[in-house]
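Here are my notes on the structure. Please keep the sequence beside you while reading.

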Amino acid sequence: MYEKYERQMKKGVLDMLVLKLLGDEPKYGYQLINEMKEKSKGVFVLKEGTLYPVLYRLEDELFIESKWSEAKGKQMARKYYRVTDAGRAALPEIAGTWKEILLGIAQIMEEDL
Amino acid sequence: MTVKKYVNSITRRVECSREKREEIRQQLLSDISAAMENGETLECVMERIGTVEEAAKEFNRNLPENERKIYKKNRRIRIVCESVAVIVLLSFGVYRMMPKSTEIGESGVFEKNVVEDMAKQVIEDLNTGDFDALRENASGIMREAISAESLEEAKQQINEGDFGAFLSFGKPYMVEMEQKGELFAIVQISASYENTSITYTITFDKDMKLSGLYMK
C-alpha cells in the first residue's frame, strides 16, 4: 500500500547516491545496482528501469560521462560511467541540501518517531 | 525465452525515441550478460528485472517526459505513413482491377485487321449456325457456354430470332482492354439483316480465342 510513498522518497536521493558511488571508479549498470544494494543493506534495490533514467539524466547534466569498453572474448562490451569534475563539485552541495532536508524532516517527525 | 527476445520485448514497449530505445537495448543486453557471468541464471535475472510488461512500465515511469513526447510524435507520424501506404496500396489494387482501354494494337499483341476479320468470322459462324467452329475458336469457359440451344435462346431475345438474311457489316469499333492483368481485344460491330440490325460485342483473349459474345 505504501510502495508509492517509498518509491517517491527514494527517487529524490537516487541522483546523489549514484554520484557518490561513481566517485571511486567507473562502473557499469549491473555493478551500480549490486553496490547500491549491498552498501544500503538492501534498502535500495534498484531495477534497470529506475537506474538507467537516473544515469541518462546525470549524463545530460554533464555530472557523469559514459564510455563503452571493448568486448573481451566472450564478454560483451560494457557501458561504464564515471563522474566528471562538474559532478564531483556538485556532490557536496547536493549532499548539503539533503542534510538540511533531513534535519527539517526530523524536526517535524520527532514527536511521532 | 532468450536474452535477446526478452530485451527486445521490453524495449519495444518503452515509450521513447528510437535512439534512446537502442541505447537501452544495448545496455540491457550488456548488463544482463554481466549478471549471467556473475552466476545469475536468466530466470533469476528476469525475476529481478521483472516481466516484460513490468520492466517496460518501470522505464516508462522514470524516463523524462520529453522522451515520451518524441515517442508519441513518432508514433503519430508512423500511423499517418502507414495509413497513406495502405491507401496507396488499395488504390493501386483498385486501379489494377479496373479495366483500362487503349487503341487496338497499342500493346503489340493484337493486329487490327486480324481482330476485325476474326470478329466478322464469329458473326458469320453464328449466321450459318456453325457452332463447332465457334467452339473450336473459343476459350475454355466460352467453349462450355456455346451451344446451339444457348445461342438460339439468345437470338430469340431479339426480334424473336427472325433476323432474316445477312446483308452487311457496319464499321467496327475496336479497343484493347486490360483487366486484372489480362489483355483482351473488344470489337463492337453492327450487322444488318433483312429484318433487323444487331450490334455484336465480341471479345478475344491474347491468343485470339473468343472469350465474350454479346448481342443486342
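1. Conventions. This is a predicted model, where local features need pLDDT of at least 70, side-chain atom pairs count only at pLDDT 80 or more, and totals for chains, interfaces and linings use all residues. Residues are numbered from 1 along each chain as its sequence is written, chains are lettered from A and ligands numbered from 1 in the order written, and side-chain values use heavy atoms, without hydrogens and water.

2. Helix residue A:D15. A:D15 sits in helix α1 (residues 3-21) of chain A; helices are DSSP runs of H or I, at least four residues, and strands are runs of E, at least two, numbered from the N terminus. A:D15 counts as buried because its relative accessibility is 17% (buried: under 20% relative accessible area, exposed: over 50%, partly exposed in between; 1.4 Å probe, protein chains only).

3. Strands in chain B. β1 (residues 100-103) and β3 (residues 173-179) of chain B pair antiparallel over 4 bridges; pairing needs at least two DSSP bridges. B:S101 has B:M177 in β3(B) as its bridge partner. β3(B) also pairs antiparallel with β4 (residues 182-193) of chain B, over 7 bridges. There, B:V175 stands opposite B:I186. The β3(B)–β4(B) hairpin has 2 residues between its strands, and B:K180 takes a positive phi near 55°.

4. Cores. The largest nonpolar core has 47 residues (buried Ala, Val, Leu, Ile, Met, Phe, Trp, Tyr and Cys joined through side-chain atoms within 4.5 Å). B:I10, B:I24, B:L28 and B:I32 have the most contacts inside it. A second, separate core has 29 residues, including B:I158 and B:M208.
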